[in-house]
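Student: Can we go through this one together? I would like to start with what the words mean.

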Amino acid sequence: MEMLGGLDYSQPSDAVVVRKALEQRDTDYQAVVEIFVGRKSCQILLMKQDYGARFRRQMDQDIINIEPPHPYQKIIVALMASHKAHHADVSQHIAKCDAMRLYESGVGKSGRIDEAVVLEILSKRSIPQLKLMFSCYKHIYGHDYTKLLKKENSGEFEDAFRSVIKCMCSPAKYYAKRLHSRKIKGSESSDGGASAALVMASRAAGVDLDEIVRILRKKYGLELREAINL
């Protein structure tokens with residue numbers, strides 16, 4: 001149990017969170033992304049073992065077999081491969097090369113990017129390596145890569161990838177925005193359990209809760225208790 005807004009909340013296992021996200025009528029892809037972005041590879045391995053023991057199913061196959069296919073699904077499958085294949089060390093040289101490949105994949109495409117290039121990079125690089133790549137991109141080209149994905153002709157894949165990047169590189173801002181969005185959508189329900197679980201998920205990912213609180217106050221005029229409907 002952990003105290004949140006004066007009340008006790010327990011963080012469910014990642015395996016349970018993923019299964020619940022996959023079972024929803026509208027798959028909660030962001031909940032799955034948050035786990036694959038916010039956990040170490042050893043934790044992902046343990047989660048998959050827990051998933052198999054609890055539900056007698058293979059997590060990888062459950063994600064791959066989601067119908068209809070979705071851009072988030074492609075990205076999550078790539079991140080799954082990343083956790084299996086990447087090396088622990090990060091490389092500045094690889095980060096710069098990948099950053100340039102990303103730039104070239106989007107030049108002259110009016111907001112669309114080359115999905116194959118993006119998915120290849122995501123599947124072969126660790127989360128720390130990807131963070132370094134996006135940092136190198138900004139250093140080389142003078143703007144965040146997400147700016148390239150905001151063009152008016154961008155599609156669902158670009159929108160999904162932008163959200164994943166924000167979760168990866170600006171987690172406090174990402175979770176604050178998610179809480180604000182849940183607050184607006186939750187006007188039809190007084191249940192703050194989902195938002196409280198989101199805050200606990202951010203803690204599990206190592207995000208500074210105080211930073212989330214500061215962003216909620218400054219950008220959205222919300223206190224944490226308001227955001228989770230306490």
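Tutor: Start with accessibility: buried means under 20% relative accessible area, exposed means over 50%, and partly exposed is in between, with a 1.4 Å probe and protein chains only. At 22% relative accessibility, Q30 therefore counts as partly exposed.

Student: What kind of model is this, and how are residues numbered?

Tutor: This is a predicted model, where local features need pLDDT of at least 70 and side-chain atom pairs count only at pLDDT 80 or more, while totals for chains, interfaces and linings use all residues. Residues are numbered from 1 along each chain as its sequence is written, and side-chain values use heavy atoms, leaving out hydrogens and water.

Student: Where is Q30?

Tutor: Q30 sits in helix 2, residues 29-38. Helices (H or I, at least four residues) and strands (E, at least two) are DSSP runs, numbered from the N terminus.

Student: What is Q30 in contact with?

Tutor: Leaving aside neighbours within four places in sequence, Q30 is in contact with Y72, S163, Y174 and R178. Contact means heavy atoms within 4.5 Å. Q30 and I76 are 46 residues apart in sequence, and their C-alpha atoms are 9.6 Å apart.

Student: OK, and the chain overall? How many helices and strands?

Tutor: The chain has 14 helices and two strands. Of its 230 residues, 44% are buried. Among contacts between residues at least 6 apart in sequence, 71% join residues at least 24 apart.

Student: Is Q129 buried or exposed?

Tutor: Q129 counts as buried because its relative accessibility is 4%. Q129 lies in helix 8, residues 127-141. Not counting residues up to four places away in sequence, Q129 touches D89, V90, S91, I94 and A95.

Student: New topic. At what angle do helix 6 and helix 7 pack?

Tutor: Helix 6 (residues 92-106) and helix 7 (residues 115-124) pack at about 160 degrees, with axes 9 Å apart. Axes are lines fitted to C-alpha atoms, for helices over the stretch in contact, and angles run from 0 to 180 degrees between N-to-C directions. The two helices are therefore roughly antiparallel. For angles, under 35 degrees is roughly parallel, over 145 roughly antiparallel, 65 to 115 roughly perpendicular, and the rest oblique.

Student: Which residues make that contact?

Tutor: Helix 6 gives D98, R101, L102 and S105, and helix 7 gives V117, V118, E120 and I121. They divide into four nonpolar, one polar and three charged. Here Ala, Val, Leu, Ile, Met, Phe, Trp, Tyr, Cys and Pro count as nonpolar, Asp, Glu, Lys and Arg as charged, and the others, Gly among them, as polar.

Student: How many disulfides are there?

Tutor: A search of the whole structure finds zero disulfides, a disulfide being a pair of cysteine sulfur atoms within 2.5 Å. For C97, the nearest cysteine sulfur is that of C136, 9.6 Å away.
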